[in-house]
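Let's take a walk through this one together, a piece at a time. Have the sequence and the 3D view open as you read.

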Amino acid sequence: MERYYQPEIECASREQIRKWQSERLVKQVQNVWDNVPMYRKKMEEAGLEPGDIRSADDLHKLPFVTKDDLRDVYPYGLLARPLKDCVRIQSTSGTTGRRVVAFYTQHDIDLWEDCCARAIVAAGGTEEDVCHVSYGYGLFTGGAGLNGGSHKVGCLTLPMSSGNTDRQIQFMTDLGSTILCCTPSYAAYLAESINERGVRDQIRLKAGIFGAEAWTEEMRHDIEEKLGIKAYDIYGLTEISGPGVSFECSAQSGMHVNEDHFIPEIINPKTGEVLPYGEKGELVFTCITKEAFPLMRYRTRDICILTEEKCSCGRTHVKMCKPLGRSDDMLIVKGVNVFPSQIETVLMNKGYAANYQIIVDRVNNSDTIEVQVEMTPEMFSDSLSIVSAKEKELVGALKAMLGIYAKVKLVNPKSITRSEGKAVRVIDKRNLYKQ
Amino acid sequence: MTVKQISVFLENKPGRLAELTEVLSRNNIDMRALSLAEAADFGIVRLIVDDVYGASTVLKDADYIISISRVLALEIPDEPGALGRAITVLGENDINVEYMYAFTTRKKGVAFMIFRVEDNQRAIEVLKGSGIRPVCQEELMSL
């Protein structure tokens with residue numbers, strides 16, 4: 001029997017959804033025009049004013065917002081409310097040294113947590129469940145989002161955060177966790193660890209809500225088999241709120257976008273032209289209910305397809321497929337966004353040539369990242385300890401920038417592979433996207 | 001009273017050291033001594049050669065990263081305790097030895113050790129009268 005957290009919204013008619021979208025979009029455009037000078041300027045440059053947006057059909061007229069825009073106006077440039085109304089920030093990596101800071105009013109937190117609650121209920125969660133949240137807590141939206149959603153549903157929430165596998169398994173068995181929320185690679189890793197310890201029969205898990213990184217159908221089946229659960233996908237990004245922008249239902253064939261809060265579009269990444277449902281392109285979201293940090297037509301750089309086919313679960317909100325790739329060079333390693341340009345920034349600050357290669361792989365279900373850096377005459381000396389210390393310093397600087405440990409390998413100049421004269425910057429051996 | 005040593009950065013990968021020696025031999029660079037210090041992922045090869053300028057040029061052209069430093073080449077009588085004497089004299093005078101390695105010559109009755117110390121001038125001073133003498137570049141090449 002299908003359950004819904006907010007059935008009157010999740011199963012509303014298409015007309016009702018469109019009505020909400022139009023009403024809210026018009027209000028939001030006025031809000032942003034009045035309170036976000038940076039976006040007002042974009043609208044003015046496009047020859048637009050709030051009166052030109054009369055319904056959701058006019059959405060395509062509005063200018064886009066990109067990650068570079070966020071970087072340029074860091075930290076407050078897209079804030080639509082005074083700071084005193086904001087109760088929280090969450091943060092994620094930026095393309096260089098500057099992180100993205102998203103602001104929330106209490107209202108924004110509530111609607112975000114409602115979205116996560118929808119995901120948990122779609123996965124079969126009720127107040128009887130024990131929700132084991134192993135996404136990272138803190139600035140990262142994963143932990144905060146699923147924690148809040150779990151509270152709303154009324155589950156017993158275990159705020160485990162990531163890491164410390166011994167403790168994860170101990171609580172899972174002692175407290176009878178029934179729903180697991182973490183990255184798919186950590187789920188696979190936990191599954192292996194559980195089997196290694198021979199405690200599989202003490203595990204009471206029935207479902208998992210996995211996201212923050214790409215994962216294939218093969219990985220889904222692997223996790224479902226190893227843990228004896230149904231594994232559901234969840235999608236989101238900090239700029240839009242966090243996880244819960246869309247979520248999978250019992251049909252497990254695409255994720256319902258919470259269209260009453262976020263209007264999705266697919267565009268041609270080169271031209272910006274809006275594409276019809278069923279076509280592949282870049283996913284764009286417009287936040288029509290958020291107060292503090294409402295991004296309009298934000299380009300996610302995720303490549304995707306939207307479909308409005310009827311879903312067997314009864315929900316009427318449009319579905320998006322699993323992301324098919326990126327239109328930029330961002331990587332997700334251990335659930336964390338990594339941009340090659342960040343690595344370049346660190347190398348240049350430390351006096352190395354911006355000649356490097358990133359090798360990403362997955363070993364024992366765990367992502368690994370190695371940065372190969374060319375040695376330079378300035379960095380080299382006869383002292384082994386000094387050169388080793390420089391290597392360690394680089395590891396530290398990368399960790400500070402990326403948030404994760406990246407192995408550093410100092411290599412000879414000209415040893416970094418070149419293909420047709422251009423250095424290949426990223427080698428990703430993980431094969432995460434189904435083509 | 002010091003000699004030049006060439007340090008070469010080497011990736012810790014099979015074949016890298018062989019490549020290096022091959023480059024030198026192809027260019028007729030005669031190695032007098034070689035020492036290899038390793039870290040986890042890379043090594044530093046230290047070379048004493050006859051033609052420092054020639055070797056540096058050849059290595060740089062072959063895209064190696066090098067560094068040149070001045071070290072001591074000490075002639076040590078080939079008898080028990082002689083090396084100990086050198087080390088003791090340096091230690092008593094608080095001169096830190098970073099590393100050392102041996103190299104051979106055709107001269108009989110003596111052994112030669114390359115010493116890297118933190119203060120070459122002071123080391124030379126305190127070694128006077130100890131029976132351990134530092135050898136200079138020209139003499140080394142003739143041995």
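Chain B splits into domain 1 (3–69) and domain 2 (71–142), with the bounds coming from an automatic or database domain assignment. Before going further, a word on the ground rules: this is a predicted model, so local features need pLDDT of at least 70 and side-chain atom pairs count only at pLDDT 80 or more, while totals for chains, interfaces and linings use all residues. Residues are numbered from 1 along each chain as its sequence is written, and chains are lettered from A and ligands numbered from 1 in the order in which they are written.

Back to those two domains: the C-alpha centres of domain 1 and domain 2 of chain B sit 23 Å apart. Where they touch, nine residues of domain 1 of chain B are in contact with nine residues of domain 2 of chain B (contact means C-beta atoms, placed from the backbone, within 7 Å).

Zoom out to chain B as a whole and you'll find five helices and seven strands. These are DSSP runs numbered from the N terminus, with helices being H or I of at least four residues and strands E of at least two. Read along the sequence, they go β-α-β-β-α-β-α-β-β-α-β-α. The C-alpha trace of chain B spans about 45 × 35 × 25 Å along its principal axes. In chain B, 69% of the contacts with a separation of 6 or more are between residues 24 or more positions apart.

Now for how chain B meets its partner. Here 15 residues of chain A are in contact with 12 residues of chain B. On the chain A side, α11 (384–402) and β20 (407–411) are the elements that give two or more residues, and β20(A) has the largest share, three residues. By class, this side of chain A has seven nonpolar, five polar and three charged residues.

Elsewhere in chain A, look at helices α7 (residues 165–174) and α8 (residues 184–197). Thr165(A), Gln168(A) and Ile169(A) in α7(A) meet Leu190(A), Ser193(A), Ile194(A) and Arg197(A) in α8(A). Those contact residues divide into three nonpolar, three polar and one charged.

Definitions and conventions: Contact = placed C-beta atoms within 7 Å. Nonpolar A, V, L, I, M, F, W, Y, C, P; charged D, E, K, R; others polar.
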